[in-house]
Amino acid sequence: MARNNGKITHGDTITHLLVIRLSAMGDVAISAPIIYTLATNHPTLRITILTKRFYGPIFSAIPNASVYYADVKGKHKGMIGLWKLYKELRALRIDAVADLHNVLRSNILKFFFKSDGIPFPQISKGRDNKKALTAKNNKVFKQLKTTSQRYIDVFSSLGFSLNLNNTLLFPKQLLSDHTLKIIGSNAQKWVGVAPFAAFEGKRYPLHLMEDVLQALDNTKKYKILLFGGGKEEREQLNSLEEKFECGINMTGKLTFQEELALISNLDLMLSMDSGNAHLAAMYGIPVVTLWGVTHPYAGFYPIKQARDNALLANRDKYPLIPTSVYGNKMPSGYEKAMETISPEAVFQKIEMVLRKGNSASIP
């Protein structure tokens, strides 16, 4: 293998690449089309993806790739556990590592791999630029490099030529009989709705979402498939399901693999700035996203989606947006920022996107 001061000089010399992306779901989903493109362009390259067990199905359609599960709460916990993980991975004859996560765990693994002279480039997260974008004072409000491009930069440093514009998206998956039995068959278009997010600043108020769902339900044109996770969200979606003739709560009814297949067959996904937006985008499903105290400028816009599919909170009224990259910082007085996105605007955007599809896409 050709190396220069511990660095691979050309991607063709790498035979087995380890890719690290442990969490969170949205970031994992963003990485999937990039890895899929890499695998497709380099069919002789063996790829091992290190991630959490739950995320394995996201990568199931990638050729010449396998998933290795990090048990970060069990046998791979702590320094000793990471040493065990390193020894397990080295036994696979890894000859280069692409770290798409760059957190404490992966930095410890980097120390181990670098001691063996294994190249280990890491994602540059652009923390200084993101700090400036989310600052209260002297805010620098401009588009930052996308997370997708940051992932590509890691692979490029190993000699792999990738282009964001030519990134491949996953094909539709076959639906299980179980899924089809739940949804039924008719001529309605399938609209996925994922109304939740990790932080309050990214969640569209539920009473306004009800107005959106009512407008969709009134048309009788759509089957509204509700997505969520956990007991609390399932109960809230059960309540919504009862209110709308065309609504079906999918929470807890499918395996994650079945849910991904369903998402790949949607006509549209309505989502917050959250993981479901990225899961739909990796299949090329048109995604309408609602943004509260976060903003697409931070680089987390769903891959290859039309730029005007995003509905944003009013920055004239709430000029500190984005207040954080992840939506975990809510300044006083910003609690109602998302209410500046009207249910009528959301409904009209859905109707417009369904008429024209996901045209005018962006990387």
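Me: What do buried and exposed mean here?
Reply: Buried means under 20% relative accessible area, exposed means over 50%, and partly exposed is in between, using a 1.4 Å probe and protein chains only. This is a predicted model, where local features need pLDDT of at least 70, side-chain atom pairs count only at pLDDT 80 or more, and totals for chains, interfaces and linings use all residues. Residues are numbered from 1 along each chain as its sequence is written, and side-chain values use heavy atoms, leaving out hydrogens and water.

Me: Why does Phe300 count as buried?
Reply: Its relative accessibility is 10%, and buried means under 20%, so Phe300 counts as buried.

Me: And what makes Tyr326 partly exposed?
Reply: The relative accessible area of Tyr326 is 46%, which lies between the two cut-offs, 20% and 50%, so Tyr326 is partly exposed.

Me: Why is the pair of Tyr36 and Phe170 called stacked?
Reply: Good one! Rings of Phe, Tyr and Trp (its six-membered ring) pair if their centres lie within 6.5 Å; planes under 30 degrees apart count as stacked, over 60 as edge-to-face and the rest as tilted. Tyr36 and Phe170 have ring centres 4.5 Å apart and planes at 15°, so they are stacked. Both Tyr36 and Phe170 are buried.

Me: What makes the pair of Phe300 and Tyr326 tilted?
Reply: The planes of Phe300 and Tyr326 are at 50°, with 6.2 Å centre to centre.

Me: How do you know that Arg315 lies over the face of Phe141?
Reply: A charge sits over a ring if NZ of Lys or CZ of Arg is within 6 Å of the ring centre and within 35 degrees of the ring normal. Arg315 is at 3.6 Å from the ring centre of Phe141.
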